[in-house]
Amino acid sequence: MRITRALRIGIGALVLAAAVSGCGGGSSETASQHAAGGKLTIGIKFDQPGLGLERKDGTFSGFDVDVATYVAGKLGVRPRDITFREAPSAQRETLIQNGQVDMVVATYSITDERKKKVDFAGPYYDAGQSLLVRADNTAVTGPQAMGGKTLCTVRGSTPAQDIQQYFAPGVTLREYDTYSLCVEALKSKAVDAVTTDNIILSGYAAQSPGQLKVVGQPFTMERLGIGIRKGDKESRDRINDAIQAMIADGSWKASLERNLGSSFLVPAPPRVDRY
């Protein structure tokens, strides 16, 4: 499984590199223009239980998948006409900029640095950074306890660096291409903890009851948004309207409860930006 996923991600990186160099490329049309034609390509995670997960039969499940499908429906695109494409953290901006996807719905935190390259609709969820540890670990209760321990996160993400900078300078950082590989390393005791948004970690904990647990109160605020091409105001406004509708009609809460289990406490919905 590890080799297969690594090969998949490596091949994806080569395809993106080819697009950048002019050997390939995506469409120059906006998300709204593609939707008017009845089809959309949406970047999601393939390895995050409860959020974006590829099933064995090739279908997809999770809160991000539900958000993407709902938004596409509001743009006039049926579920069967959506193409889901894997969007690893380190490749999300490139996929959008090259037109390889129309939007990215992949636990994508809105940051000022990323907004230099892409635009965001949303947020559709307000998350907070936490830690995932083995269920028998009583030593790690929060970020301050990570000194002298090994912490895993993914390339293209910043949570582990935040812990090193603000909470535990003596922590050892280890990076993988996906969170699923971090979780495998955690289970095999190659690392002591995994850090990212609490909603992502809750999905992994729910998938491995009795093996893993989320610890520590969220110690950052991460606003998850839908990434689109820079300057595409029409699509951003329409996606924001769709997010508001999903929250208002109860679909947002129902999706969280369905995908993350009864033990997950659904927070208040986010306030969608209008700018």
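Predicted model: local features only at pLDDT ≥ 70, side-chain atom pairs only at ≥ 80, totals over all residues.
Residues are numbered from 1 along each chain as its sequence is written, and side-chain values use heavy atoms, with hydrogens and water left out. Local features need pLDDT of at least 70 and side-chain atom pairs count only at pLDDT 80 or more, while totals for chains, interfaces and linings use all residues.

Rolling a probe the size of a water molecule over the atoms shows where empty space is left. The largest pocket holds about 440 Å³ of space. A pocket here is an open set of points on a 1 Å grid over the protein atoms alone, where a 1.4 Å probe fits, with protein on both sides within 12 Å along at least five of seven lines; lining residues have an atom within 4 Å of a point. The volume is the space filled by probe spheres set on the points, which are joined across faces, edges and corners. The lining consists of 20 residues, and Asn198, Ser202, Val214, Phe264 and Leu265 lie nearest the centre. Strand 7 (118–127), helix 7 (198–207) and strand 12 (212–215) each supply at least two lining residues; helix 7 gives the most, with four. Helices (H or I, at least four residues) and strands (E, at least two) are DSSP runs, numbered from the N terminus. By class, the lining has 11 nonpolar, seven polar and two charged residues. Ala, Val, Leu, Ile, Met, Phe, Trp, Tyr, Cys and Pro count as nonpolar, Asp, Glu, Lys and Arg as charged, and the others, Gly among them, as polar.

Helix 3 (residues 63–74) meets helix 9 (residues 251–260), with axes that come within 9 Å and cross at roughly 150°. Axes are lines fitted to C-alpha atoms, for helices over the stretch in contact, and angles run from 0 to 180 degrees between N-to-C directions. Helix 3 is therefore roughly antiparallel to helix 9 (angles over 145 degrees count as such). Phe63, Asp66 and Tyr70 of helix 3 make the contact (heavy atoms within 4.5 Å) with Ser251, Trp252, Ser255, Leu256, Arg258 and Asn259 of helix 9. These residues divide into four nonpolar, three polar and two charged.

The axes of helix 3 and helix 8 (residues 233–248) also come within 9 Å, crossing at roughly 115°. Here Asp66, Val67, Tyr70, Val71 and Lys74 in helix 3 meet Arg238, Ile239, Ala242, Ile243, Ala245 and Met246 in helix 8. This contact has eight nonpolar, no polar and three charged residues.

Strand 7 also contains Pro123, and the peptide bond from Gly122 to Pro123 is cis, with omega near 10°. Thr107, in strand 6 (residues 103–109), has a positive phi of about 40° although it is not a glycine.

Technical notes. Parallel < 35°, antiparallel > 145°, perpendicular 65-115°, else oblique.
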